[in-house]
Amino acid sequence: MMVLAALLSWFLLGLFIHYSKRFGWGQPVRQEGPQTHLVKEGTPTAGGVAFVLALVLVFLALLAFGGIGQANLSREVMILLAALGMGVVGGIDDFLKIRSRKFGGKKELLAREKFPLQLLVALLFAGFAAPLASHQLLPGFMSVGGYPIFDMLFIAFVMVGSVNAFNFTDGLDGLLAGVGMIVLLPLVAVSPISALMVAVLLGFLWFNAHPARVFMGDMGSHAIGAVAAGAYALYSDVWLLPIAAIIPVIAVLSVVIQVASFKSRGKRVFRMTPIQHHFELSGWPETHVTLRFWVVTGIATALTWWLMGGRP
């Protein structure tokens, strides 16, 4: 099924690129960003729509043919629904960006509009996931009426944080696709949805490798972050996710530090955030930043695997 998912993702992305170019669904590029990115203006974006569709179709095929055991079925469905919910939030952002480039108007969802939607999806997921978590996430905190309310709130917090951290990691050709695949590798043996996400990202990476013929967009990055948070919460230890996802954590922290420093002191710590653009402006070629961030993620994920006991 992983092979089928990768091939279907590859096929759907090829179609998506064709029709994106035909209808002018291109990516707007920030003029204040790295100058090397200006040539990317107009590259098809929102490719996440295609690989998320491939993910859903193959998952439904697995369900139809009994490829998901009853013991894991509820967990897998919850993770998929969380990915779709977060994907829709990101998809709205993608739609606004594409429409504004052609027709003007609202360019994207504001943070105050996006965050409540993300929180709603996260709380719905966490409400069902908390009782099924692999173990108590916050030892010492009592449940309320037998329900692990603090675990629920913590899982929701992790879900929103993961979605935004993976979103901030996007921006370089191949970067987020590679990071997402590596982070999910320790869970492919126990979580079919994680295995399928790795597979569809392989199909996406065929076109997203430098120089990218398509960009992921927010729908894709939101879905990856949701799958990572959901799978680590339900199958492993959600506390291990920040270790494996060290690059997304650093990316979001760089933005927080930059904003805090500029507002408090009027000075920037980094040349540009998220941090991958700082390294670009420091002279690293885009491909070097991507490959080195993959390496760091690989080392961090290997440590996570060891902390898991060398097994899922």
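Four helices, α4, α5 (149-169), α9 (241-244) and α10 (246-265), each supply at least two residues of the lining of the second largest pocket. The greatest contribution to this lining comes from α5, with ten residues. The lining of the second largest pocket comprises 21 residues in total, and F157, V158, G161, S162 and A165 are those nearest its centre. The space in this pocket amounts to about 400 Å³. These values, like those that follow, were computed from a predicted model.

Confidence in the model was examined next. The mean pLDDT of the protein is 89, and 88% of the residues score at least 70. Helix α6 (residues 175-184) has the highest confidence, at 98, and helix α3 (residues 70-103) the lowest, at a mean of 89. Where pLDDT is low, the predicted coordinates should not be read in detail.

The protein contains twelve helices and zero strands. Of its 312 residues, 52% are buried. Among contacts between residues at least 6 apart in sequence, 73% join residues at least 24 apart. The unreviewed UniProt entry places the feature "transmembrane region" at residues 46-65, 77-95, 115-133, 145-168, 174-207, 241-262 and 289-308. Two of these spans were compared with the helix assignment. Residues 77-95 are 100% helix and 0% strand, with end C-alpha atoms 26 Å apart. Residues 289-308 are 95% helix and 0% strand, and their end C-alpha atoms lie 28 Å apart.

Helix α6 is mostly covered, with ten of its ten residues buried. These buried residues include L175, V179, I182, V183 and L184. T297 counts as buried because its relative accessible area is 0%, below the 20% cut-off. A polar atom of the T297 side chain lies 2.8 Å from the backbone oxygen of F293.

A polar atom of the Q276 side chain is placed 3.0 Å from the backbone oxygen of D170.

V227 is found in helix α8 (residues 217-235) and is buried, with a relative accessible area of 0%. V227 and S194 are 33 residues apart along the chain, yet their C-alpha atoms are separated by 6.7 Å.

L117, by contrast, is partly exposed, at 34% relative accessibility. This residue is found in helix α4 (residues 111-129). The C-alpha atoms of L117 and G90 are separated by 9.9 Å, and the two residues are 27 apart along the chain.

Backbone geometry was also inspected. Most residues other than glycine have a negative phi, and most peptide bonds are trans. Two cis peptide bonds were noted in loops. The bond from H210 to P211 is cis, with omega near -5 degrees, and P211 is placed in the loop between α7 (192-208) and α8. The bond from T273 to P274 is likewise cis, with omega near 0 degrees; P274 is in the loop between α10 and α11. A positive phi, near 65 degrees, occurs at A46, a residue other than glycine. A46 is in the loop between α1 (2-23) and α2 (48-64). With a relative accessible area of 5%, A46 is buried.

Technical notes:
Residues numbered from 1 in each chain as written. Predicted model: local features only at pLDDT ≥ 70, side-chain atom pairs only at ≥ 80, totals over all residues. Heavy atoms only, no water. UniProt positions renumbered as here; feature names shortened; annotations may be inferred. pLDDT = per-residue confidence, 0-100. Buried < 20%, exposed > 50% of the residue type's maximum accessible area, 1.4 Å probe, protein only. Polar contact = N/O pair within 3.5 Å; in protein donor to acceptor, adjacent residues only side chain to side chain. 1 Å grid on protein atoms, 1.4 Å probe; cavity = no way out; pocket = protein on both sides within 12 Å on 5 of 7 lines; lining within 4 Å. Points joined across faces, edges and corners; volume = space filled by probe spheres on them. Contact = heavy atoms within 4.5 Å.
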